[in-house]
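Keep the sequence and the structure in view while reading.

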Amino acid sequence: MRRFLPDTFTMLLVLTVATASFLPVHGASAHYFGIATNFAIGLLFFLHGARLSRDVVIAGLLHWRLHLVILLTTFGIFPLLVLAIGQVVPNSILPVSLYTGMLFLSVLPSTVQSSIAFTSIAGGNVPAAICSASASNIFGMFLTPLLVGLLFSVGGQGGFSWDVLWQIMLQLLAPFIAGQLLQPWIGDWIRSKKKILMPVDRGSILMVVYSAFSEAVVEGLWHTFSVLDIATVIVANMLLLTTVLCITMFGSRALGFSKADEITITFCGSKKSLASGVPMANVIFAGQGIGAIVLPLMLFHQIQLMTCAFLAPKYADAAKRRETAKAEATGATNAA
């Protein structure tokens, strides 16, 4: 049952939202808090760049077919499914602002840490997972704002903005590249200080969430949505994740991938990154109330963790049974 309980970070997210609901930052304080938040986000992406080993990227590129399937799922199948949800579910059931959050969720890159962790637990291709999840986040800096513009222009909510892409490059990509350039000198040290530097990862996300929900609360967020609205988003997220898991799981088998590669495709292709998504929302939707936009992402984050925490041990147990059966069959053959 422990696997189904919220992790520490999720509990911190809930506490942050609760704090913003009762003690929102506003006025001049919100301005200075926003400056500090932008600095923390830049530091976060700098550390991401410095941690990523170039050897891992080069080795992983050799498995291009697997990476292509994951990228197509992350940036292709996800948006198509959410567009289908928009056609089926009327606005009276799923409010436009929450559906906008689901559209944004659909074009985000995959997670890095949890994708790799669950792939490892399940006995998948870990080097490929490292490369694929990292590549997803790099491509996401360009693809996410482009796809946001495309999807929103189709839905009549405005088109692509080159200014948004420039802001993404300035606030997120530039620090990432700086980290990559310094990686040969500081990469090993940063990777060895994971526990010390973790507060930067989580702290920057919590800062953005607090800022976003503070602004949204001041504008009347909790008076806008009902419990039924939130429940609708949760159900839609569950259906979305279940569909993608089935597509990646059975699709990888149909394409002839090995079991280890199937695990990697399933766990990397079904994730959406809260760590990248919240900072991107802060840039792409600057000046708007992004509390409602990141809310579906926060809910999806916990749903995907709980689901994959259930699936990963199942994969691992199945692998053990296959090894046992193979050993017994080999022993029986030798005895005969």
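The side chains of Ser-114 and Thr-111 are joined by a polar contact of 2.8 Å. The model in which this pair is seen is a predicted one. Ser-114 lies in helix H6, which spans residues 113–122. Its relative accessibility is 14%, so Ser-114 counts as buried, the cut-off being under 20%. Leaving aside residues up to four places away in sequence, Ser-114 touches Lys-271 and Leu-305.

The loop between H5 and H6 holds Val-107. With a relative accessible area of 0%, Val-107 is buried. Its contacts, again not counting residues up to four places away in sequence, are Phe-75, Pro-79, Thr-144, Leu-147, Val-148, Leu-151 and Lys-272. Val-107 can also be placed relative to Pro-145: the two are 38 residues apart in sequence, and their C-alpha atoms are 8.5 Å apart in space.

Next comes helix H5, residues 96–106. Of the 11 residues of H5, 9 are buried, so the helix is largely enclosed by the rest of the structure. The buried residues are Leu-98, Tyr-99, Thr-100, Gly-101, Met-102, Leu-103, Phe-104, Leu-105 and Ser-106. Which helices pack against H5? Two such partners are described here, H4 and H11.

Helix H4 covers residues 64–88, and its axis comes within 8 Å of that of H5, crossing at roughly 160°. An angle over 145 degrees counts as roughly antiparallel, which is why H4 is described as roughly antiparallel to H5. The crossing of these two helices is right-handed. On the H4 side the contact is made by Thr-74, Phe-78, Pro-79, Val-82, Leu-83, Ile-85 and Gly-86, and on the H5 side by Tyr-99, Met-102, Leu-103 and Ser-106. Sorted by class, the contact of H4 with H5 has 8 nonpolar and 3 polar residues, and no charged ones. Pro-79 of H4, part of this contact, is also among the residues that Val-107 touches.

Helix H11, residues 227–254, packs on H5 at an angle of about 25°, with the axes 11 Å apart. Since angles under 35 degrees count as roughly parallel, H5 and H11 are therefore roughly parallel to each other. Their crossing is right-handed. H5 contributes Leu-98, Met-102 and Leu-105 to the contact, while H11 contributes Asp-229, Val-233, Ala-236, Asn-237 and Leu-240. By class, the contact of H5 with H11 has 6 nonpolar residues, 1 polar and 1 charged. Met-102 takes part in the contact with H11 and also in the contact with H4.

An α-helix has 3.6 residues a turn, so residues three or four places apart point the same way.

Helix H12, residues 259–269, is another enclosed element: 9 of its 11 residues are buried, so H12 is largely enclosed by the rest of the structure. Those residues are Asp-261, Glu-262, Ile-263, Thr-264, Ile-265, Thr-266, Phe-267, Cys-268 and Gly-269.

These details belong to a chain with 14 helices and 0 strands. Buried residues account for 49% of its 336 residues. Of the contacts between residues at least 6 apart in sequence, 87% join residues at least 24 apart.

Key: Residues are numbered from 1 along each chain as its sequence is written. This is a predicted model: local features need pLDDT of at least 70, side-chain atom pairs count only at pLDDT 80 or more; totals for chains, interfaces and linings use all residues. Side-chain values use heavy atoms; hydrogens and water are left out. Axes are lines fitted to C-alpha atoms, for helices over the stretch in contact, and angles run from 0 to 180 degrees between N-to-C directions. Helices (H or I, at least four residues) and strands (E, at least two) are DSSP runs, numbered from the N terminus. Angles under 35 degrees count as roughly parallel, over 145 as roughly antiparallel, 65 to 115 as roughly perpendicular and the rest as oblique. A crossing is left-handed if the near helix is turned anticlockwise from the far one by less than a right angle, and right-handed if clockwise. Contact means heavy atoms within 4.5 Å. Ala, Val, Leu, Ile, Met, Phe, Trp, Tyr, Cys and Pro count as nonpolar, Asp, Glu, Lys and Arg as charged, and the others, Gly among them, as polar. Buried means under 20% relative accessible area, exposed over 50%, partly exposed in between (1.4 Å probe, protein chains only). A polar contact is a pair of N or O atoms within 3.5 Å; within protein, one must be able to donate a hydrogen and the other to accept it, and residues adjacent in sequence count only if both atoms are side-chain atoms.
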